[in-house]
Amino acid sequence: MIRENVTLESGSLNSGDSESDLMAIASRYQLLHITANCACRFRLYTSANQRDNDLGRAIGVDPTGNHGLLFEFVTTPSLLSADLTPIVDGFSSTANIPYSVTNLSGVAQAVTVTLNHVKTGA
């Protein structure tokens, strides 16, 4: 299996603001590493509907019910990248994975997040 990177760059976000969209990864994948350019909250979901229903959940509060949250990571100024152990297994009905990213940097800026992953399916 080949390790690949996928990168998203948001538009300029005020601190505390979020952006949601789709990220082309694969319908099945394993996340190995995350890197961000600033403090942020990054989440992946199995569906856009589940993502949208979870946008108001505060950091540190566990999701409930059939929430569809596959991955959530909060970076800080001193932790902008991390190896993901255990490895995160993700899946969706398509290769376009719904995400949400929130700028936590304290200033308005674009947020860049790079996920290193292995495709385990189409």
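User: How many helices and strands does the protein have?

Analyst: One helix and eight strands, counted as DSSP runs numbered from the N terminus (H or I, at least four residues, for helices; E, at least two, for strands). Along the sequence they read β-β-β-β-α-β-β-β-β. Bear in mind that this is a predicted model, where local features need pLDDT of at least 70, side-chain atom pairs count only at pLDDT 80 or more, and totals for chains, interfaces and linings use all residues. Residues are numbered from 1 along each chain as its sequence is written, and side-chain values use heavy atoms, with hydrogens and water left out.

User: Why does Thr75 count as buried?

Analyst: Buried means under 20% relative accessible area, with exposed over 50% and partly exposed in between (1.4 Å probe, protein chains only). Thr75 has 2% relative accessibility, so it counts as buried. Thr75 sits in the loop between β5 (69–74) and β6 (81–91).

User: Which residues does Thr75 touch, not counting those up to four places away in sequence?

Analyst: Ala36, Cys38, Ala39, Cys40 and Leu80, where contact means heavy atoms within 4.5 Å. With Cys38, a polar atom of the Thr75 side chain lies 2.9 Å from the backbone oxygen.

Key:
A polar contact is a pair of N or O atoms within 3.5 Å; within protein, one must be able to donate a hydrogen and the other to accept it, and residues adjacent in sequence count only if both atoms are side-chain atoms.
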